[in-house]
Amino acid sequence: MVLALALPLLATAVAGPAQAQPRPAASAHSAPATATVTEGQVREVARGGVLTYPSVTSCLTVTVRLRGGGLVGAHASLFQVPGELRSDEILPALRKAVAGRPVAAVEVRGAVGAWHPGYFTRAIEAYGDGEAVPQPQGRDFDGLAKAVALGLKQPRASVTVEDVPDGDQIVR
């Protein structure tokens with residue numbers, strides 16, 4: 001009987017400590033190959049994927065190109081769509097979605113002339129009766145680039161801004 005109890009202990013001692021089995025690395029960010037980003041939304045696609053921003057008229061789109069090859073995009077609207085993000089919520093949500101991953105570039109596209117850079121820090125809806133809402137003074141490419149860079153905590157040099165005509169935007 002003593003021998004029956006001792007054999008398992010002896011076998012363990014001879015074999016040495018148990019070795020942990022390697023596990024495959026889990027992807028922290030699994031993303032689809034395509035996504036549609038409507039007003040007030042943030043979406044991500046995997047390397048080689050395609051983001052579609054429908055009906056960009058008075059909006060701006062912000063696409064973050066990750067060094068790993070994926071895209072994370074936000075569709076900023078001048079006026080909040082019910083149930084979606086306001087313009088002053090969009091950059092913090094985009095930064096959270098990027099989650100500290102290395103960024104290759106940031107592309108801002110859309111109705112540049114309709115946007116004041118301050119709309120990224122205080123949405124039009126945040127102004128009360130009698131408060132003056134800042135109005136855009138022409139197409140402020142540099143001001144928008146600075147606001148987006150600051151909001152995403154990225155270098156200003158990594159942000160480009162392009163005024164594009166109305167319609168769908170497709171980013172590959």
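Student: Let me begin with a single pair. Which residue in strand 6 is the bridge partner of Leu60?

Tutor: Gly110 is the partner of Leu60. A word on the source: this is a predicted model, in which local features need pLDDT of at least 70, side-chain atom pairs count only at pLDDT 80 or more, and totals for chains, interfaces and linings use all residues. Residues are numbered from 1 along each chain as its sequence is written, and side-chain values use heavy atoms, with hydrogens and water left out.

Student: How do I go from one bridge to a pair of strands?

Tutor: Strands (E, at least two residues) and helices (H or I, at least four) are DSSP runs, numbered from the N terminus; two strands pair if DSSP finds at least two bridges between them. Here, strand 4 (residues 60-66) and strand 6 (residues 103-110) share seven bridges and pair in the antiparallel sense. Another of their bridges links Leu66 to Val103.

Student: How many helices and strands does the protein have, and in what order do they come?

Tutor: There are three helices and eight strands. Read from the N terminus, the elements run α-β-β-β-β-β-α-β-α-β-β.

Student: Are strand 6 and strand 7 parallel or antiparallel?

Tutor: They run parallel, joined by five bridges; in one of these, Val108 is paired with Val161. Together with helix 3, the two strands make a right-handed β-α-β unit. Right-handed means that, with the strands pointing away from you, the path from the first strand over the helix to the second runs clockwise.

Student: Now strand 5. Is it buried or exposed?

Tutor: Count a residue as buried under 20% relative accessible area, exposed over 50% and partly exposed in between (1.4 Å probe, protein chains only). In a regular strand the side chains alternate between the two faces of the sheet. In strand 5, six of the six residues are buried: Leu71, Gly73 and His75 on one side, Val72, Ala74 and Ala76 on the other. Strand 5 pairs antiparallel with strand 2 through four bridges and with strand 4 through six. Gly73 is the bridge partner of Thr63, while Ala74 stands opposite Val42. The hairpin of strand 4 and strand 5 has four residues between the strands, and Gly69 there takes a positive phi near 105 degrees.

Student: How do I find the nonpolar core?

Tutor: Look for buried Ala, Val, Leu, Ile, Met, Phe, Trp, Tyr and Cys residues joined through side-chain atoms within 4.5 Å. The largest such core has 29 residues, with Val64, Phe120 and Val148 making the most contacts inside it. Strand 4, strand 5, helix 2, strand 6, helix 3 and strand 7 each give two or more residues to this core, and helix 3 gives the most, six. Beyond four places in sequence, Val148 touches Val62, Leu91, Val106, Val108, Phe120 and Val159. A separate core of nine residues includes Val37, Val45, Cys59 and Val171.

Student: What is the strand order in the other open sheet, the one of three strands?

Tutor: That order is 1-3-8, again with mixed pairing. The twist averages 15 degrees from one strand to the next. Strand 3 (residues 50-56) pairs antiparallel with strand 8 over four bridges, and Thr52 has Ile170 as its bridge partner.

Note on methods:
Contact means heavy atoms within 4.5 Å. Axes are lines fitted to C-alpha atoms, for helices over the stretch in contact, and angles run from 0 to 180 degrees between N-to-C directions.
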